[in-house]
Amino acid sequence: MELTINGSTFQVDVEPDTPLLWVVRDTLGKTGTKYGCGVAQCGACTVLIDGQATRSCVTTVDSVVGTAITTIEAIEQDPEGRKVVEAWVASQVPQCGYCQSGQVMAATALLKQTPQPSEDDIAGAMVNLCRCGTYNAISAAVRQAAQA
């Protein structure tokens, strides 16, 4: 199967129903995308598929052939992604950091779709779990990125 990830084309020889997360991490070695729950609830595995935040742990690799997949490794190449990362750093959002790649991906997708999000937009889009409870800092960073 041919996948386009972070602007590069990769040939992968995996079963069609293999979760995209395992192809990204184990086959291609891009370990910034994390495994959290495996049932699309926590969001640690979030990647962008054609700009949409997508849980890669339940997305089969055959379903994303022909799409543009973006992982955290390339998010700063996207203008919105760069603003999000800069806001994350400036706001010192991460504590343990485990969920943060998925949080950044979700925030980037939100700002690509809604450049000036309301508080309700932010609350509706930023549903990834954070065990450290950095939700206030996450919201502040999203607002900061939207103003950049």
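Mentor: In this predicted model, Glu 80 and Lys 83 are joined by a salt bridge whose closest N and O atoms are 3.3 Å apart. Both residues belong to helix α2, and because they are three residues apart there, about one helical turn separates them. Lys 83 has a relative accessible area of 21%, so this residue is classed as partly exposed. The general principle is that side chains of opposite charge can pair when their charged atoms come close.

The structure holds three salt bridges. Another of them brings together the side chains of Asp 78 and Lys 112, with an N to O distance of 2.6 Å. Here the partners come from distant parts of the chain, 34 residues apart: Asp 78 is in the loop between β5 and α2, while Lys 112 is in helix α3. Their surroundings can be stated for each partner. Asp 78 is buried, at a relative accessible area of 16%, whereas Lys 112 is partly exposed, at 38%.

A further salt bridge links Arg 143 to Glu 119, and its closest N and O atoms are 3.3 Å apart. Arg 143 sits in helix α5 (residues 135–147) and Glu 119 in helix α4 (residues 119–125), so this pair ties together parts that are 24 residues apart in sequence. Arg 143 counts as partly exposed at 35% relative accessibility, and Glu 119 is also partly exposed, with 46%.

Charge also gathers elsewhere on the surface. Asp 13, Glu 15, Asp 17 and Asp 62 make up a patch of negative charge there. One of these residues, Asp 62, is in the loop between β4 (52–55) and β5 (68–70). With a relative accessible area of 40%, Asp 62 is partly exposed.

The surface has a nonpolar patch as well, formed by Trp 22, Tyr 35 and Tyr 98, which together have about 290 Å² of accessible area. Tyr 35 belongs to the loop between α1 (20–27) and β3, and its relative accessible area of 35% makes it partly exposed. The loop between α1 and β3 also contains Ala 40, a partly exposed residue at 24%. The C-alpha atoms of Ala 40 and Arg 55 are separated by 5.6 Å, although these residues are 15 residues apart along the chain.

Most residues other than glycine have a negative phi. Asp 50, in the loop between β3 (46–49) and β4, instead has a positive phi near 50°. Gln 92 likewise has a positive phi near 50°; its place is in the loop between α2 (79–90) and α3 (100–113). Gln 92 is exposed, with a relative accessible area of 64%.

The cysteines complete the picture. A disulfide requires two cysteine sulfur atoms within 2.5 Å, and by this rule the count is zero. Cys 99 is in no disulfide, and the nearest cysteine sulfur, that of Cys 130, is 3.8 Å away. Cys 99 is buried, with a relative accessible area of 10%. Cys 132 is in no disulfide either; its nearest cysteine sulfur belongs to Cys 96, at 3.7 Å. At 28% relative accessibility, Cys 132 is partly exposed.

How values were computed:
Residues numbered from 1 in each chain as written. Predicted model: local features only at pLDDT ≥ 70, side-chain atom pairs only at ≥ 80, totals over all residues. Heavy atoms only, no water. Patch = residues over 30% accessible without salt bridge, like charges linked within 9 Å, V, L, I, M, F, W, Y side chains within 5 Å. Areas by Shrake-Rupley, 256 points an atom, 1.4 Å probe, with all protein chains shown as cover. Salt bridge = Lys/Arg side-chain N within 4 Å of Asp/Glu carboxyl O. Lys, Arg positive; Asp, Glu negative; His and termini not counted. Charge placed at Lys NZ, Arg CZ, Asp CG, Glu CD. Helix = DSSP H or I, 4+ residues; strand = E, 2+ residues; numbered from the N terminus. Buried < 20%, exposed > 50% of the residue type's maximum accessible area, 1.4 Å probe, protein only.
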